[in-house]
Amino acid sequence: MRLIGLLIGVNGLAWLLVVLLFHGNALLLGAAALSYGLGLRHALDADHIAVIDNVTRAALRERREARSAGLFFSLGHSTIVCLATLVIVLAGQHYRTQIDTFATQGGLFGTWISVLFLLVIATLNATTLHDLWRRRRDADATHSEMPPRGLARLLTPVLRQISVSWHLYPVGFLFGLGFDTASEISLLGISIVQTQHGLPIWQIMMFPLLFTAGMALLDTADSVLMHGLYQRAGRRMNWNLALTTISVMLALVIAGIELVNLLADHLPGLETLTSLARLLSEHFELIGAAVFCASVLGWFLLRSGREEPA
């Protein structure tokens, strides 16, 4: 909880600076509030939640620290947002007309990275799920995690590359290359409008920094929450099975939706499937928010429930 307290303090300092800078301009304060809200909203993107939840589960299997996974993922993601805003502000009108092209090309690369990463981490956690089912059937099994075998052993080196929290920084950076979400496009639009009104660059950068502060706070809260949830569930077999199953299914479903969207032009006769995938991807924040709220509810239920043997 100290990490969350630190981030709340950082968010408070960011808002204090915003008030000092923009206290005489209600429009700028409104733009600042919108930027912060966009960061909070983007943190609840379903692919963010899927990555953080699955990496947290995988890291705990390796008995590694995972509470700050969401922080480093969001910082890597926000680095791209801040750099893109700075480039757009400095490059002038010519580059601003290329935003759509950049968003399309970056979106393709970022989405492929997202699909591949989610499939790999879901596969790793699926092996953990398989081990849990075997432990449940075996009355003589120990309570410790079983050593990796088969596919899990092959993928263990991959897991070790992302099982420490700060390893998620480059993952978040690569995810951020796709500016195909409403939150990021809206933030760039805010920055461009303020540039046209003559706002100094260093003040314009307050908007992506507020975006970063909001996203980092909520993504970190998710990783701290899931870390505690999985630790408590580790002593309760049914909860452990349920949470691991949900994490794996979430990653697979999100990867599937993104893959269908990528290949939509090459799937003739599957218009219903592609339309459904497009609809769901447009509401990723709602899906992520629902999973996050369910995790909070699960945490309270685990705290109040009776312990059962794992």
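**Entry 1**

I began with Trp 15, which is partly exposed at a relative accessible area of 24%. I call a residue buried under 20% relative accessible area, exposed over 50%, and partly exposed in between, using a 1.4 Å probe and protein chains only. The model is predicted, so I kept to its cut-offs: local features need pLDDT of at least 70, side-chain atom pairs count only at pLDDT 80 or more, and totals for chains, interfaces and linings use all residues. Residues are numbered from 1 along each chain as its sequence is written, and side-chain values use heavy atoms, with hydrogens and water left out.

Next I counted aromatic pairs and got five. My rule takes rings of Phe, Tyr and Trp (its six-membered ring) with centres within 6.5 Å; planes under 30 degrees apart are stacked, over 60 edge-to-face, the rest tilted. Trp 15 and Tyr 36 make an edge-to-face pair, because their planes stand at 75°, with the ring centres 5.6 Å apart. Where do the two residues lie? Trp 15 is in helix α1 (residues 2–22) and Tyr 36 in helix α2 (residues 26–43), so the pair ties together parts 21 residues apart in sequence. Helices here are DSSP runs (H or I, at least four residues), strands are E runs of at least two, and both are numbered from the N terminus. Tyr 36 counts as buried, at 14% relative accessibility.

I moved on to Phe 22 and Phe 207. They form a stacked pair, 5.9 Å centre to centre with 15° between the planes. Phe 22 sits in helix α1 and Phe 207 in helix α11 (residues 206–233), 185 residues apart, and the pair links these distant parts of the chain. Both Phe 22 and Phe 207 are buried.

I also noted one aromatic cluster, made of Phe 73, Phe 117 and Phe 175.

Trp 166 I looked up separately. It lies in the loop between α7 (151–162) and α8 (168–175). Is Trp 166 buried or exposed? It is exposed, with a relative accessible area of 51%.

**Entry 1. Salt bridges**

I looked for a side-chain nitrogen of Lys or Arg within 4 Å of a carboxyl oxygen of Asp or Glu, which is my rule for a salt bridge. The count comes to two.

One joins Glu 285 and Arg 41, with the closest N and O atoms 3.4 Å apart. Glu 285 lies in helix α14 (residues 284–304) and Arg 41 in helix α2, so this bridge ties together parts 244 residues apart in sequence. Glu 285 is buried at 12% relative accessible area. Arg 41 is partly exposed at 36%.

Arg 134 and Asp 131 also form a salt bridge, 2.9 Å from N to O. Both lie in helix α6 (residues 99–137), three residues apart, about one turn of the helix. Arg 134 and Asp 131 are both buried.

**Entry 2. Helix α2**

α2 carries Tyr 36 and Arg 41, so I checked its geometry: its 18 residues should span 26 Å at 1.5 Å a residue, and the end C-alpha atoms are 26 Å apart, which agrees. The expected span is 1.5 Å times one less than the number of residues.

Which residues of α2 are buried? They are Leu 28, Ala 31, Ala 32, Ser 35, Tyr 36, Leu 38, Gly 39, His 42 and Ala 43.

Asn 25 caps the N-terminal end of α2, a side-chain oxygen lying 3.0 Å from the backbone nitrogen of Leu 27.

**Entry 3. Ser 223**

Ser 223 lies in helix α11. It is buried, at a relative accessible area of 0%. I found the backbone oxygen of Arg 67 at 2.5 Å from a polar atom of the Ser 223 side chain. The backbone nitrogen of Gly 70 lies 3.2 Å from a polar atom of that side chain. A polar contact is a pair of N or O atoms within 3.5 Å; within protein, one must be able to donate a hydrogen and the other to accept it, and residues adjacent in sequence count only if both atoms are side-chain atoms.
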